[in-house]
Structure formats: C-alpha cells, structure tokens
Amino acid sequence: MNVLLFGATGMVGDGVLHECLGDSRVDSVLAITRSPLGVRHPKLRELRRKDFLDYRDVAREFETVDACFFCLGVSSVGMKEAEYRHLTYDLTLAAAHTLAAVKPNATFCYVSGEGTDSSERGRSMWARVKGQTENALLALPLDAYMFRPGLIRPRPGARSKTRWYRLAYAVLTPLYPVLYKFAPRHVTTSENVGLAMIAVAISGYERHVLGNADINALGGAVSSHER
C-alpha cells in the first residue's frame, strides 16, 4: 500500500507516520509538508511546498496513491468562521479533489473530531465546519472514512506547534491512565489512529464515520502503561 500523508509534523500525524513506517503492509509514504520532518526512512519521501490549495503541479504524484491519511488541521480558538473554514474545509477538499480526479475510489481517511456536527446547523462553529468538510468528502468518488477521536495522547516525544495544544496536553497527558480507565470511549492515542487508518485502508470498515471506540477497536488500544 502506498500512503499519501498530510500533517506529519503535527502530533496526530507524527503518530500516524511512525505507525506507517513500522508497518510491513505499507510500502511507501509520501508526506506533503511545509517544513522538514527531520525523519529519514527508506519508505519515506517528503514533498515540501507552500501551496496547499492547488495540487495540479504535483497531480501525477497522486496517481500511485492507495490511501490518503489527512491529519492536517488547526485549532479554531480565536478564529472567525470564515478563516477556520478556509483552513479546514478548503485545504482538505483541495487535496481530496485532486486525489479523486487522478485515483478515483482511493481510500481517504480524514481526522475530524468527537462532537463533529453532520447536520451543519449546530451552535458550535468548529463542529459545523468539520461537519461540512466530512459531508463534502463523503460525496466525492473516494472510499472516504471520517475519524472522530476524542482526547488523543500523542506519541512520546511529539510536540505540538500550537501553544494552546501544548498547554492542554501538558496538563492532560499525566492524567491519561485515569482517563483511559474511567472514560475509555473518549480517549485514544495517535498510534491507535495510525493503526486504525492502516486497517481501514486495507480492509475497509462497516461504517464511514468512526468514533473513538471504533478507532480503539481497530488500533488495539492499550493503556499508557502497556505502551
């Protein structure tokens, strides 16, 4: 399986990347990045670019892709809806449309979030935009799957570029064992997200919207002590 990966420099994408590199079922990973990953591996090739809204110049790179793992995203904190929609809906659909054009029916796994609003009419701005993005992806000629994780524990050593996320995870990460024990349906790891994406890309899944419990079941969730 040849994987196209977006967001590999983020905390979720970092975990997904390392699971792909360590999995014998993945032959190659093409990571679309803005900045260097700082990772070297025989399977990995980086394609660095500044334009994440138009991929016509690299469309041929997408022709051999079997699955796209889209982990690129931003926090909605402090953003107006138009700006957040541009950085969420527009960026995601730009990649998806290109893939659909050159490799119809390829698998597209999108990291959304627990609480996403599929009706697109709820009061929560981020949830509406995520819902719009999910619905648009599901309408494309792709085998698309929406991943809605809850709290994600990053891979040890991973560090977010977003200050708000760094502060949140600094507080929550030590509590992960307790949260996993008492609220396992709302907690997962970036590694589990990666393993679940690989499993879905290879074998498909009974639902196209996966909640946290689905992700953990597919990823073989274990407690932080077992990791």
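1. Start with the helix pair: the axes of α6 (residues 190–203) and α7 (residues 212–219) come within 8 Å and cross at roughly 80 degrees. That makes α6 roughly perpendicular to α7 (65 to 115 degrees counts as such; axes are lines fitted to C-alpha atoms over the stretch in contact, with angles from 0 to 180 degrees between N-to-C directions). Helices here are DSSP runs of H or I with at least four residues, and strands are E runs of at least two, numbered from the N terminus.

2. On the α6 side, the contact (heavy atoms within 4.5 Å) uses N192, V193, L195, A196, A199 and V200, and α7 brings I215, N216, L218 and G219. By class that is seven nonpolar, three polar and no charged residues, with Gly counted as polar.

3. A caveat on all this: the model is predicted, so local features need pLDDT of at least 70 and side-chain atom pairs 80 or more, while totals for chains, interfaces and linings use all residues. Residues are numbered from 1 along each chain, and side-chain values use heavy atoms, leaving out hydrogens and water.

4. Now the sheet: it is open, with seven strands paired in parallel in the order β3-β2-β1-β4-β5-β6-β9.

5. Finally, N2 sits in β1. Its side chain makes a polar contact with that of S28 at 2.7 Å (N or O atoms within 3.5 Å, one able to donate a hydrogen and the other to accept it; sequence-adjacent residues count only through side-chain atoms on both sides).

Terms used:
Pairing = 2+ DSSP bridges. Parallel < 35°, antiparallel > 145°, perpendicular 65-115°, else oblique.
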